[in-house]
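Dear colleague,

I am handing over the structure we spoke about, with the sequence alongside it. Please open it first, and then read the notes below with the model in view.

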Amino acid sequence: MNKQERPREKAVNEGIASLSNRELIAILLRSGTKDKSVLELADEILHLKPNLLSLMDLRLDEVMNLKGVKTAKATQLLACFEIIKRISQERMKQDYRDHQ
């Protein structure tokens, strides 16, 4: 992968919002395997669930069933999804309070 295609470099040069979902997940994964690029691995994760929102419901065993994803990568990814879930819940609570 040339330097301009690397998600981290793209984030630095163009801003984090310019990244696709696969590139954002690739940054969280940090590396692929000898057989798969980190972007291919990110694609596999995205295909575990029917949509982006349902990724928050991934289980450890689902992620670890992918070749190249062991405990460290799986827990890091699930921790990210969990914090997103908590932020979303907090935002919903705040919106509810603001509209009362």
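**Salt bridges**

Glutamate 82 forms a salt bridge with lysine 85, and the closest N and O atoms of the two are 3.7 Å apart. Please keep in mind throughout that this is a predicted model. Glutamate 82 and lysine 85 are separated by about one helical turn, because they stand three residues apart in helix H5. Glutamate 82 is partly exposed, with a relative accessible area of 28%, and lysine 85 also counts as partly exposed, at 24% relative accessibility.

A search of the whole structure finds eleven salt bridges, and two others are described here. Glutamate 62 forms a salt bridge with lysine 49, with 3.4 Å between the closest N and O atoms. This pair links distant parts of the chain, since glutamate 62 belongs to helix H4 (residues 60–64) while lysine 49 lies in the loop between H3 and H4, 13 residues apart. Glutamate 62 is buried, its relative accessible area being 17%, which falls under the 20% limit for that term.

Glutamate 90 forms a salt bridge with arginine 97, where the closest N and O atoms are 3.9 Å apart. Both partners are partly exposed, glutamate 90 with a relative accessible area of 43% and arginine 97 with one of 44%. Elsewhere, salt bridges that share partners join Lys49, Arg59, Asp61 and Glu62 into one network.

In soluble globular proteins, nonpolar side chains tend to be buried together. In this model the largest nonpolar core has 18 residues, of which Ile25, Leu29, Ile45, Leu58, Val63, Leu77 and Phe81 touch the most other members. Helix H2 (21–29), helix H3 (38–46) and H5 each supply at least two residues of this core, and H3 gives the most, with five residues.

**A nonpolar patch on the surface**

Ile83, Ile84 and Ile87 form a nonpolar patch on the surface, and together they have about 260 Å² of accessible area. Isoleucine 87 is placed in helix H5 (residues 71–98), and at 51% relative accessibility it counts as exposed, a term that applies over 50%.

**Two further residues**

Is lysine 36 buried or exposed? Lysine 36 lies in the loop between H2 and H3, and at 14% relative accessibility it counts as buried. A polar atom of the lysine 36 side chain lies 3.1 Å from the backbone oxygen of lysine 67. Not counting residues up to four places away in sequence, lysine 36 touches Leu41, Glu44 and Lys67.

Isoleucine 27 is found in helix H2 and is partly exposed, with a relative accessible area of 23%. Isoleucine 27 and arginine 8 are 19 residues apart in sequence, and in space they are 6.5 Å apart from C-alpha to C-alpha. Once neighbours within four places in sequence are left aside, isoleucine 27 is in contact with Pro7, Arg8, Ala11, Ile16 and Leu19.

With best wishes

Notes
Residues numbered from 1 in each chain as written. Predicted model: local features only at pLDDT ≥ 70, side-chain atom pairs only at ≥ 80, totals over all residues. Heavy atoms only, no water. Patch = residues over 30% accessible without salt bridge, like charges linked within 9 Å, V, L, I, M, F, W, Y side chains within 5 Å. Areas by Shrake-Rupley, 256 points an atom, 1.4 Å probe, with all protein chains shown as cover. Salt bridge = Lys/Arg side-chain N within 4 Å of Asp/Glu carboxyl O. Helix = DSSP H or I, 4+ residues; strand = E, 2+ residues; numbered from the N terminus. Buried < 20%, exposed > 50% of the residue type's maximum accessible area, 1.4 Å probe, protein only. Core = buried A, V, L, I, M, F, W, Y, C linked by side-chain atoms within 4.5 Å. Polar contact = N/O pair within 3.5 Å; in protein donor to acceptor, adjacent residues only side chain to side chain. Contact = heavy atoms within 4.5 Å.
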